Amino acid sequence: YGRYFDVIAYPDDETFHLAYTGRSLDFHTDANYLEVSPGLQMLHCIESNGPPDQGVSRFVDGFAAAEWLKENHPASFHLLTSLPLEYELDVKGIKYSSHVATIRTDSHGNVDEVHVNNRSLKTWDVPNHLIMPFFSAYKTFVEKLRDGSVEMRFSLEEGDIVLFNNRRVLHGRTGYEIGRAV
């Protein structure tokens, strides 16, 4: 990836990465497969040549969703903070892999990181007796992320820049027509 990269949609058979398609992207945090995932990230819209209802940027406050889970479903919060999941990416034979909890807390129990990305998530390695409770906890958390109560949406226009904390804010987008740059 390097220091920056352009996101331009290509036909599905020409890319290995979902970001380079026009498909919608579900909420996610980036690079959970690294030992330390990126903190601040910037999206800079260089060109926008499609309808304003396509390629809409979506951001979700993962900390707010985690705090809601802690208050309303403490057992689920405990599972998501105590069981690490494996994330992995293999690029041109180089494999990146890391184990991290969906919700990380500091030594005082405050949420300090959120990690969600179904594209790089490996098979869950959860003890058998915790599979169903963990799945239920994860589902409850993801449903909160998707319910709109902690979400912002807007269309980026040429020259717009969005700076966000990748360890707190999950991001995604609505789909857009192939050939449109976002």
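About 60 Å³ of space lies in the largest cavity. The model is predicted.

**Exercise 1.** Find which residues line the largest cavity, and which element gives the most to the lining.

*Solution.* 
- Start with the count: there is one cavity of 30 Å³ or more.
- List the lining of the largest cavity: Asp26, Phe27, Val116, Asn118, Tyr138, Val142, Leu145, Arg146 and Leu170.
- Assign elements. H3 gives the most, with four.
- Sort by class: six residues of the lining are nonpolar, one is polar and two are charged.

**Exercise 2.** Classify the crossing of helix H2 (residues 74–82) and helix H3 (residues 131–146), then describe the contact.

*Solution.* 
- Take the geometry: the axes come within 9 Å and cross at roughly 100°.
- Apply the cut-off: angles of 65 to 115 degrees count as roughly perpendicular. Therefore H2 is roughly perpendicular to H3.
- Name the residues. H2 brings Ser76, Leu79 and Leu80; H3 brings Pro133, Phe134, Ala137, Tyr138 and Phe141.
- Sort by class: the contact of H2 with H3 has seven nonpolar residues, one polar and no charged.

**Exercise 3.** Do likewise for helix H1 (residues 62–72) and H2.

*Solution.* 
- Take the geometry: the helices pack at about 130°, and their axes are 5 Å apart.
- Apply the cut-offs: 65 to 115 degrees is roughly perpendicular, and over 145 is roughly antiparallel.
- Name the residues. Ala66, Leu69, Lys70, Glu71 and Asn72 of H1 meet Pro74, Ser76, Phe77 and Leu80 of H2.
- Sort by class: five are nonpolar, two polar and two charged.

Technical notes
Residues are numbered from 1 along each chain as its sequence is written. This is a predicted model: local features need pLDDT of at least 70, side-chain atom pairs count only at pLDDT 80 or more; totals for chains, interfaces and linings use all residues. Side-chain values use heavy atoms; hydrogens and water are left out. Axes are lines fitted to C-alpha atoms, for helices over the stretch in contact, and angles run from 0 to 180 degrees between N-to-C directions. Helices (H or I, at least four residues) and strands (E, at least two) are DSSP runs, numbered from the N terminus. Angles under 35 degrees count as roughly parallel, over 145 as roughly antiparallel, 65 to 115 as roughly perpendicular and the rest as oblique. Contact means heavy atoms within 4.5 Å. Ala, Val, Leu, Ile, Met, Phe, Trp, Tyr, Cys and Pro count as nonpolar, Asp, Glu, Lys and Arg as charged, and the others, Gly among them, as polar. On a 1 Å grid over the protein atoms alone, a cavity is a set of points where a 1.4 Å probe fits but cannot get out, and a pocket is an open set with protein on both sides within 12 Å along at least five of seven lines; lining residues have an atom within 4 Å of a point. Grid points are joined across faces, edges and corners, and a volume is the space filled by probe spheres set on the points.
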